[in-house]
Amino acid sequence: MAFTDTEMAQAHDAVTATATHQDLFKLGLMYSTDVEDRGPDFVQAHKWFNLAAMMGSEPAKAYRADLTDQMDRQDVTLAQRAARGWLLEQKSAQKETVAA
C-alpha cells in the first residue's frame, strides 16, 4: 500500500499539534510500507514506532522489534537519535508555548 505525500503531511501535522500514540504508530506504518512508490524508510518507521511504544502502544513495540531484526545496527542508532531529536523538539516547543 502506497501513501501519498498529502497523507504523510497530514499525519505529520497531527503529531505536531497533539501527538498520540495512535498518530505516531500510523506514521510508523506509513514509513514501513511505502511512500509515493519510493519504498519503505525503516529508519523513519523505527523512529515513529519507538515514540509510539514510549507512549504505551503495544503494537508499536512489536513492529519496532520486527524492524530492529531487519535493520543493521547503524540504522537502528540513527532511528534512536531521530526519536530523541523529535522529543527534544517537542519539549522545546512546549517551553515556547508556556513562555508565550
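Are Trp48 and Trp86 buried or exposed? Both Trp48 and Trp86 are buried. Keep in mind that this is a predicted model.

**Aromatic pairs**
- The structure has four aromatic pairs.
- Take Phe25 and Tyr63: their ring centres sit 5.3 Å apart with the planes at 90 degrees, and since an angle over 60 counts as edge-to-face, that's what this pair is.
- Phe25 belongs to helix H2 (residues 21-33) and Tyr63 to helix H4, so this pair ties together parts that are 38 residues apart in sequence.
- Phe25 counts as buried because its relative accessibility is 15%, while Tyr63, at 39%, counts as partly exposed.
- Trp48 and Trp86 also make an edge-to-face pair, with 5.6 Å from centre to centre and 75 degrees between the planes.
- Trp48 is in helix H3 (residues 42-54) and Trp86 in helix H5 (residues 73-99), so here too the pair ties together parts 38 residues apart in sequence.

**Ring cluster**
- Phe25 and Tyr63 turn up again alongside Phe49: ring pairs link these three residues into a cluster.

**Helix H4**
- H4 covers residues 58-70, and at 1.5 Å a residue its 13 residues should span 18 Å; the end C-alpha atoms are 19 Å apart, so the two figures agree.
- The N-terminal end of H4 is capped by Ser57, which has a side-chain oxygen 3.2 Å from the backbone nitrogen of Ala60.

Conventions:
Residues are numbered from 1 along each chain as its sequence is written. This is a predicted model: local features need pLDDT of at least 70, side-chain atom pairs count only at pLDDT 80 or more; totals for chains, interfaces and linings use all residues. Side-chain values use heavy atoms; hydrogens and water are left out. Helices (H or I, at least four residues) and strands (E, at least two) are DSSP runs, numbered from the N terminus. The expected span of a helix is 1.5 Å times one less than its number of residues. A polar contact is a pair of N or O atoms within 3.5 Å; within protein, one must be able to donate a hydrogen and the other to accept it, and residues adjacent in sequence count only if both atoms are side-chain atoms. Rings of Phe, Tyr and Trp (its six-membered ring) pair if their centres lie within 6.5 Å; planes under 30 degrees apart count as stacked, over 60 as edge-to-face and the rest as tilted. Buried means under 20% relative accessible area, exposed over 50%, partly exposed in between (1.4 Å probe, protein chains only).
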